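Student: I would like a close look at one part of this structure, with the terms spelled out as you go. Please take me through it slowly.

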Amino acid sequence: MAFSSISKLESKLNSSYVSVKSSWSKLDAYVNKLRERNPSWPIWGVPLNPPSCLFELFKNKGWEVGWKPSTYIFTGSIEPDIKTIWLKSGMHPYERDKTLSHEFAHLFYPDRFGISGINSSRDYRWEAIIEWLGRQWRAKPTLLRTMINTFELEAKVYDWASQEAFKDYTLAKGQLVLPLDKRYTTIMD
Ligand SMILES: [Zn+2]
């Protein structure tokens, strides 16, 4: 029966473990549950959509985006001492934008203000909330456009949100604009 126990354990782990790699439906359900169970956490009371001038604000404060080799252990990280957001080279454009958005969510909601309601900013629950915010920001064309342009990254089109964000870019380059539908072709996973 060992085999059966192991599969049970595996399915239990799969169903309860939430990380930055989880599907959107799992992440969204998890964060909603956290909100339901912890309604007093300050994070629920702050604006969850940043103004698009947020990116300009960090740029003006001296923040930069830098690149780590493709062997880098993380997809992204923050080095506050030198005001740098590090991204791993060679990621799929969606992964790049999603990671950058996640790191900006960390910058926008630094946990030293005690905004999470959670003791440690390294807590996986806080990471899940940050990822949940970052993915939603990435899927908003205006925010995506401002984020990429402000930090002078290459605009990439891979779903509805990114196409909407860079519509005139692709048209200007004479590229085909695909008939993408917001409901079905916005990547969230
Ligand atoms: Zn993080």
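Tutor: What follows is a look at one helix and the core around it. Residues are numbered from 1 along each chain as its sequence is written. This is a predicted model, in which local features need pLDDT of at least 70 and side-chain atom pairs count only at pLDDT 80 or more, while totals for chains, interfaces and linings use all residues.

The part in question is helix 6, residues 141-150, where helices (H or I, at least four residues) and strands (E, at least two) are DSSP runs numbered from the N terminus. Its buried residues are Leu143, Leu144, Arg145, Met147 and Ile148; a residue is buried if 20 or more other C-beta atoms, placed from the backbone, lie within 10 Å of its own, exposed if 12 or fewer, and partly exposed in between. Among the elements that cover these residues are helix 3 (53-60), helix 4, helix 5 (124-138) and helix 7 (160-165), and after helix 6 comes Glu152, with a positive phi near 50 degrees.

Leu144 and Met147 also belong to the largest nonpolar core, which has 27 residues, and they are listed with Ala105, Ile129 and Leu133 as having the most contacts inside it; such a core is a set of buried Ala, Val, Leu, Ile, Met, Phe, Trp, Tyr and Cys residues joined through C-beta atoms within 7 Å. Two or more residues each come from strand 3, helix 4, helix 5, helix 6 and helix 7, and helix 5 gives the most, with six. Leaving aside residues up to four places away in sequence, Ala105 touches Ile130, Leu133, Gly134 and Trp137, contact meaning that C-beta atoms, placed from the backbone, lie within 7 Å.

Notes: Two residues are in contact if their C-beta atoms, placed from the backbone, lie within 7 Å.
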